[in-house]
Amino acid sequence: MSSPRPIPPGGTIGILGGGQLGRMTALAAASLGYRVHIFTPEKESPATQVSDAVTVAAYEDEEALARFASKVDVVTLEFENIPASPVRFLEGKVPVRPGSKALETAQDRLAEKRFFNDLGIATAPWAEVASLSDLKQAVAKIGTPAILKTARLGYDGKGQAKIGPTTDLARVWADLRTERAVLEGFVTFEREISALVARGPDGGWAAWDIVENVHTHHILDTTTAPAPLTVALHDQAVAIAHKAAEELGLVGVLAVEMFVTADGRLLVNEMAPRPHNSGHWTIDACLTSQFEQVVRAVCALPLGTPRRHSDAVMTNLIGEAAKDWQTFLQEPQAKLHLYGKTEMRPGRKMGHVTRLYPLDSLRSKVH
Ligand code: AMP
């Protein structure tokens, strides 16, 4: 595989999106001597507080996109619900890593499930739903309990409805207000895990240890590193994420969320072609964080070692939980990260705290 020329320190990385993932990528970029230019439709955003330049414009504004492209050496993105057309527009002018294929697959739950199943990778049973009669047929085929999810623009449990044996399907379908959705069989999982891999433009790759995630009200609450898994399941999870990254030709990092069933099978739930909340622990517990690795990958630098030097539990600070910042600062093993958001709303990710433990002290006896 041909290796593109590295973008040396001093270069400028453009980031689409201005949230906390962009902020932490910008901080990692600064540590390696890069400049960061954020493109976001939002006036005030966590990433712009720590970046060199910002363009506030709609993603559809081609003049603004062209000006942005002329000022950066490479473009990456920090959230996947960016419309595909601006990404394709930018691809004609500057390298975009990851490219539109990864983005288009990850932002549509139907495309994502087909992608994994075509690779022989299992997901929960699912069916496409584009009308009430489709929904009735899908429920008859898959059974209940099941979850109906919009194909696009859903996150943190938004755009989802649980379906039981007595659910009024007509009402659920009307309330979802979408033209395309997927019905998924409800998985009774033993645990939820995620795999995180980085891939460079030369095909070189690196994987972090597999972690366990606990969600509360559909939002990630804690991530524990490492997950208590057998070596075989751990390796299988890494192989799934690597295969997906390879097939997508992804440059950057890819997170793949999976369910572990009671009988020891892995079922993929979804993926994100960008740094992921379940990878925040890598900042404090690994030699190379997911954010530094994105910078290395998109600038065609050698990838860093993802080795875990400590075990870790990352807890999201959601809404009011961030008010306890003084307590976290007094805990010797806690590392506090706040995202600079001025408005505290229920359900809003305001920061996270990572508690570090000696290496392998959290590892379960399963290993
Ligand atoms: P998602 O929006 O797909 O990331 O779902 C958010 C969370 O809802 C997941 O992390 C699970 O905890 C739960 N969930 C989603 N889909 C399913 C499913 N098919 N079976 C069981 N739990 C699910």
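The model is a predicted one, and the values below are computed from its atoms. Two cavities of 30 Å³ or more are counted, and the aromatic pairs number four. The second largest cavity lies between domain 1 (12-104) and domain 3 (189-357), because both domains give residues to its lining, and the second largest pocket likewise lies between domain 1 and domain 3, since both contribute to its lining.

**The largest cavity**

- The largest cavity has a volume of about 40 Å³, and its lining is made up of Ser194, Ala195, Leu196, Trp208, Asp209, Val211, Ser278, Gly279 and Trp281.
- Strand 9 (residues 189-199) provides the largest share of this lining, with three residues.
- Sorted by class, the lining of the largest cavity holds five nonpolar residues, three polar residues and one charged residue.

**The second largest cavity**

- The second largest cavity holds about 30 Å³ of space, and the residues that line it are Thr76, Leu77, Arg97, Pro98, Val251, Gly252, Val253, Pro273, Arg274, Pro275, Val294 and Val298.
- Strand 4 (74-77), strand 13 (252-261) and helix 10 (290-298) are the elements that give two or more residues to the lining of the second largest cavity.
- Eight nonpolar, two polar and two charged residues make up the lining of the second largest cavity when it is divided by class.

**The second largest pocket**

- The second largest pocket has a volume of about 270 Å³, and of the 16 residues that line it, Met24, Leu27, Ala28, Ile283 and Phe291 are the closest to its centre.
- The elements that supply two or more residues to the lining of this pocket are helix 1 (20-31), helix 10 and strand 16 (334-338), and the largest share, five residues, comes from helix 1.
- By class, the lining of the second largest pocket divides into 10 nonpolar, four polar and two charged residues.

**Aromatic pairs and a charge over a ring**

- Among the four aromatic pairs is that of Phe39 and Phe68, which is edge-to-face because the ring centres are 5.2 Å apart and the planes stand at 65°.
- Since Phe39 belongs to strand 2 (residues 35-40) and Phe68 to helix 2 (residues 62-71), this pair ties together parts that are 29 residues apart in sequence.
- Phe39 counts as buried because its relative accessibility is 0%, and Phe68 counts as buried because its relative accessibility is 0%.
- Phe189 and Phe259 form a stacked aromatic pair, with 5.2 Å from centre to centre and 15° between the planes.
- Because Phe189 lies in strand 9 and Phe259 in strand 13, the pair ties together parts that are 70 residues apart in sequence.
- Phe189 is partly exposed, with a relative accessible area of 36%, whereas Phe259, at 9% relative accessibility, counts as buried.
- One aromatic cluster is formed by Phe39, Tyr59 and Phe68.
- Lys162 lies over the face of Phe186, at 4.1 Å from the ring centre.

Notes: Residues are numbered from 1 along each chain as its sequence is written. This is a predicted model: local features need pLDDT of at least 70, side-chain atom pairs count only at pLDDT 80 or more; totals for chains, interfaces and linings use all residues. Side-chain values use heavy atoms; hydrogens and water are left out. On a 1 Å grid over the protein atoms alone, a cavity is a set of points where a 1.4 Å probe fits but cannot get out, and a pocket is an open set with protein on both sides within 12 Å along at least five of seven lines; lining residues have an atom within 4 Å of a point. Grid points are joined across faces, edges and corners, and a volume is the space filled by probe spheres set on the points. Helices (H or I, at least four residues) and strands (E, at least two) are DSSP runs, numbered from the N terminus. Ala, Val, Leu, Ile, Met, Phe, Trp, Tyr, Cys and Pro count as nonpolar, Asp, Glu, Lys and Arg as charged, and the others, Gly among them, as polar. Domain bounds come from an automatic or database domain assignment. Rings of Phe, Tyr and Trp (its six-membered ring) pair if their centres lie within 6.5 Å; planes under 30 degrees apart count as stacked, over 60 as edge-to-face and the rest as tilted. Buried means under 20% relative accessible area, exposed over 50%, partly exposed in between (1.4 Å probe, protein chains only). A charge sits over a ring if NZ of Lys or CZ of Arg is within 6 Å of the ring centre and within 35 degrees of the ring normal.
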